[in-house]
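Here are my notes on the model you sent.

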Amino acid sequence: MTPNVLALYALVALTVALAVGYLGRYVIPRPPVGRMVGADIAVMVTALVVLPFAYLHVPAGVVVSIFGLVVLTLTQLTLAPVLGGRWAMITALALCAADVAAYLAGLPLALLVVNDALLILLVVGVVNLWAQAAVTPAQIAALAAALTVYDTLATGMSSLTADFVQRMQGLPFAPVLATSHGPNPSLIGLGDCLMLSVWPVVALRAYGRAAAWAAAGLEAVLLAASIAFVLTGGRPMPLLTVLGPLIVAQWLYWRRWLARATPPPTRPLIDRALQVAHAEAPAGVWVALSPSGAPVAEGATPGLARREARLSGTQEPPVVWRLHE
């Protein structure tokens, strides 16, 4: 069992590294849906909570078909910037076909390898799609907090997760990263992989390399502790019960650190514009200031103020405009 557990967490580390390495190198084509907002997080949490209950009462063929369509789409999206759209679709179709063929042919090792490859590609794609949608650290912290409660109840205090995994075990497109099945499987759920991968990516974008390395280091310690828990206790550890609060704590720390490290902006030109606005111009007028802070023109609109500034013969273009009311 020990080699399987160690191999599993090596795959988890590889997934996190690929998600971070993909960031900044490739842009995934996506629908113009705009930025991620709080309502998106609420919908995501609801789906993650409701779907396992639904899938326990849906025929296995329907579940596999739904997961297969999701995996095919996200695999193609993930590979498209790397291979090009046509070759990405061919590769995604080949991998999905290989997953189904390995299941039908009764080749559990091949099924395990192909399914793990598909799940890693899915996680890398989803994480980078979230990053492109400008998901914020606060949104990830909120998602982590909600999933902490869910995982504690579903994995630590009930058999919901175990029943769901048992039903999906050995099927194609199973939403788990695994190195063995059977009575004592070595596997980790899709939700755990997503949260382990997304936080270093979001921390890197929002707070820099130090935050990303800190996130990766803390996750490595958590994974080591979970290995010890599994090997000594012989039962699964609800990873998000610990990972969720860890993400929230990091978000609170880096948000406070960033607030301390970033001095408030001095805005001398804006202060000067306000001063001019209150002292020299009537309400509802835009004031154009030169870089030295002297008023050079006024206008009813920014365009008119800019035009008047040009007509006044000033050599330096105005840089501040202020509408006062």
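**Notes on the predicted model**

1. In this predicted model, the largest nonpolar core is made up of 70 residues. Trp-130, Ile-140, Met-195 and Trp-199 are the ones with the most contacts inside that core. Helix H5, residues 108-132, supplies the largest share of this core, with 12 residues.

2. The chain has 325 residues, and 41% of them count as buried.

3. Among contacts in the protein chain with a separation of 6 or more, 68% are between residues 24 or more positions apart.

4. The protein chain has an accessible surface of about 16500 Å². Carbon and sulfur atoms account for 68% of that surface.

5. The UniProt record, an unreviewed entry, gives "transmembrane region" at residues 6-24, 36-56, 62-80, 111-131, 143-165, 185-204, 211-231 and 237-254. These annotations may be inferred rather than shown by experiment.

6. Two of the annotated spans can be set against the model. Residues 111-131 are 100% helix and 0% strand, with end C-alpha atoms 30 Å apart. Residues 185-204 are 75% helix and 20% strand, and the end C-alpha atoms of that span lie 33 Å apart.

How values were computed
Residues are numbered from 1 along each chain as its sequence is written. This is a predicted model: local features need pLDDT of at least 70, side-chain atom pairs count only at pLDDT 80 or more; totals for chains, interfaces and linings use all residues. Side-chain values use heavy atoms; hydrogens and water are left out. A nonpolar core is a set of buried Ala, Val, Leu, Ile, Met, Phe, Trp, Tyr and Cys residues joined through side-chain atoms within 4.5 Å. Buried means under 20% relative accessible area, exposed over 50%, partly exposed in between (1.4 Å probe, protein chains only). Helices (H or I, at least four residues) and strands (E, at least two) are DSSP runs, numbered from the N terminus. Contact means heavy atoms within 4.5 Å. Accessible areas come from the Shrake-Rupley method with a 1.4 Å probe; for residues, only the protein chains shown count as cover.
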